[in-house]
Number of protein chains: 2
Amino acid sequence: VSDAARLPSWRPGKARNAIVRFLGDAESVPRDERVACFDNDGTLCCEQPTYIQYEFFVDALRRRLASDASLRTRAEFAAVLGNDPAEIAAIGLERIALALAGLFEGLAPEAFAAEVRDFMTTATHRRLGRPMREVVYQPMLELLDELRALDFTIAIVTGGGTEFVRAISNALYGTPAELVVGTLIAYDFTRAPDGIQLRRTARVLGDANEGAAKVTNIQTQLGRRPIIAAGNSAGDQEMLAWATNTTRANLALVIDHDDAEREYAYESRSATLGETEAITAVAKRNGWTAVSMADDWSTVFR
Amino acid sequence: VSDAARLPSWRPGKARNAIVRFLGDAESVPRDERVACFDNDGTLCCEQPTYIQYEFFVDALRRRLASDASLRTRAEFAAVLGNDPAEIAAIGLERIALALAGLFEGLAPEAFAAEVRDFMTTATHRRLGRPMREVVYQPMLELLDELRALDFTIAIVTGGGTEFVRAISNALYGTPAELVVGTLIAYDFTRAPDGIQLRRTARVLGDANEGAAKVTNIQTQLGRRPIIAAGNSAGDQEMLAWATNTTRANLALVIDHDDAEREYAYESRSATLGETEAITAVAKRNGWTAVSMADDWSTVFR
């Protein structure tokens, strides 16, 4: 395939050049070091106005209200149903996410996955006017295909729920469950009359998969370091730095959401230096490759 | 390939028949449910007179003694060097294993893996008179090949150290790092002048990967349940029960070490019922398939 025919949704420019150069260099990297780690929300798929997982949680809450109206009275759920940003901020997104995850307590892993898949079959993104399963970035899918052609092991390293992303990762990205590293819910192991069962708890196992945890979890769960990583927010910085701290060919990509017309325009900021700094400034300072959605992508969605 | 030409190191009999039947039935199982989980020590490779990992640890201890003779005075190491079973039992294998794992505290993951690979290049199994990397069971390698031909995802689920097995899993079994689930050592994340570093600690992350932990760790780390599992000791029972608690085609194999001539004859016993019970009796009670090393395997080692 000629260079011009590859990555058809990437416009000529610095970002595309950096990718094509990396793909060429990667051919001389030993196969078992060809590892790629991609953040999910905002990197492989749209994360606005809220995370897809959050939409799924709210949908699940609404369905459960039909049989248990008392859920309305819980502060976390009232804030969610009221859709009041100030109230949600006051309670804290982490506490709200835990409360929402608790809606699935007691479920077998297969039952949870089935509920996620049902949601993804029918849910639509209202502002974008397309099925939720199609708010995935076409240029990134093309990059995954190029990496797969080079026998890369491709992992999704998400701050979101591991099991949520696993339920859709194969259909959306061709990524099997064991290559999803995210925030884990612990399971209870029980010996029921009909055999061993695993049931979801409402407890997070270890730390939320953001920042430094992304790096340690890549090592403990995958056992190999990436030479290419992509992200879009402060929680991806450590993973991007880790991927580039090697003598091998390497590439760090930062998606810049600067396309209010086709997607959203917003700035992810890092607060690691006391003051906040735009993730694009962090990228520039570290020599990472910024990807302008507006300029570098001829097509946004699959 | 005709049935007779498959699995050439398996003698005709009940075990081989059960495997061939399972492989046929598995063809109608959806591809993403074709998951296999194999214990390592005593199931894929020889675990007598001690685990390969223990031999590696002792070798590392001896090498470190050359530069730090004071290690001799630590009770755990004195017991190991004295090779006194009573003393080792008095201290407890878990405490000894933790002390030995502590020899590698501060190492980067790649440095630890390199040390393991160096050991495996030169170590020999004295009684068996063959390289340590060749005390792997040929019939099990043939089974892995058959499963791979059916696109099974094959995981190694070991009570041993995850990173130890990862360092050799590709060379020994064709299994990539992310498909090894074992006992994990935690890492320290540090920002050094030369970039982010991960360093081994002496702390175990979560529980040792035995018994019920094998089942919960399969779910959290792999995200899919096996329909075939193989083991040889009490710590594999829950995994074997989990693999067979499905309406899909399934198979649980228990390796019976009954071959004093070609390998070792010893009985793994389960203590879960208060009294101890041979793992072969547990297998019979559960309808699992026992594999007699003496009777079912025409060749033992690769």
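Predicted model: local features only at pLDDT ≥ 70, side-chain atom pairs only at ≥ 80, totals over all residues.
Chain B can be laid on chain A by a turn of 180 degrees, with a shift of 0.0 Å along the axis and an RMSD of 0.0 Å. The two copies are thus related as by a two-fold rotation axis.

**Nonpolar cores**

- The largest nonpolar core contains 78 residues, and those with the most contacts inside it are Phe22(A), Phe38(A), Met140(A), Leu147(A) and Phe152(A).
- Helix H2 of chain A, which covers residues 52-65, provides the largest share of this core, with 8 residues.
- Apart from this core lies another one, of 77 residues, which includes Ile96(B), Leu143(B), Val165(B) and Val291(B).
- Leaving aside residues up to four places away in sequence, Phe38(A) touches Leu44(A), Met140(A), Leu143(A), Leu144(A) and Leu147(A), and its contacts also include Ile154(A), Ala155(A), Ile156(A), Val157(A) and Ala230(A).

**Cavities**

- The lining of the largest cavity is formed by Asn40(B), Asp41(B), Cys45(B), Ile52(B), Gln53(B), Phe164(B), Val165(B), Ile168(B), Leu172(B) and Tyr173(B).
- Two helices of chain B, H2 (52-65) and H8 (162-173), each supply at least two residues of the lining of the largest cavity, and H8(B) gives the most, with 5 residues.
- When the lining residues of the largest cavity are divided by class, 7 are nonpolar, 2 are polar and 1 is charged.
- The second largest cavity holds about 30 Å³ of space, and it is lined by Asn40(A), Asp41(A), Gln53(A), Thr158(A), Gly160(A), Phe164(A) and Val165(A).
- In chain A, strand E4 (153-161) and helix H8 (162-173) each supply at least two residues of the lining of the second largest cavity.
- The lining of the second largest cavity is made up of 2 nonpolar, 4 polar and 1 charged residues.

**The second largest pocket**

- The second largest pocket contains about 990 Å³ of space, and among the 37 residues that line it, Tyr51(A), Ala97(A), Gly159(A), Gly160(A) and Glu210(A) lie nearest its centre.
- Several elements of chain A each supply at least two residues of the lining of this pocket, namely H2, helix H5 (93-101), E4, H8, strand E5 (180-192) and strand E6 (195-205).
- Of these elements, H5(A) accounts for the largest share of the lining of the second largest pocket, with 5 residues.
- Sorted by class, the lining of the second largest pocket has 15 nonpolar, 12 polar and 10 charged residues.

**Cis peptide bonds**

- In chain A, Gln48(A) and Pro49(A) are joined by a cis peptide bond whose omega is about 0 degrees, and Pro49(A) lies in the loop between strand E1 (35-38) and H2 of that chain.
- In chain B, the peptide bond from Gln48(B) to Pro49(B) is cis, with omega near 0 degrees, and Pro49(B) has its place in the loop between strand E1 (35-38) and H2 of chain B.

**Positive phi values**

- Leu7(A) is a residue other than glycine with a positive phi, near 45 degrees, and its place is in the segment before helix H1 (14-26) of chain A.
- Because buried means under 20% relative accessible area, Leu7(A), with a relative accessible area of 2%, counts as buried.
- Leu7(B), which is likewise a residue other than glycine, has a positive phi near 50 degrees, and Leu7(B) is found in the segment before helix H1 (14-26) of chain B.
- With a relative accessible area of 1%, Leu7(B) is also buried.

Terms used: Residues numbered from 1 in each chain as written. Chains lettered and ligands numbered in written order. Heavy atoms only, no water. Least-squares fit on C-alpha atoms with pLDDT ≥ 70 in both. Core = buried A, V, L, I, M, F, W, Y, C linked by side-chain atoms within 4.5 Å. Buried < 20%, exposed > 50% of the residue type's maximum accessible area, 1.4 Å probe, protein only. Helix = DSSP H or I, 4+ residues; strand = E, 2+ residues; numbered from the N terminus. Contact = heavy atoms within 4.5 Å. 1 Å grid on protein atoms, 1.4 Å probe; cavity = no way out; pocket = protein on both sides within 12 Å on 5 of 7 lines; lining within 4 Å. Nonpolar A, V, L, I, M, F, W, Y, C, P; charged D, E, K, R; others polar. Points joined across faces, edges and corners; volume = space filled by probe spheres on them.
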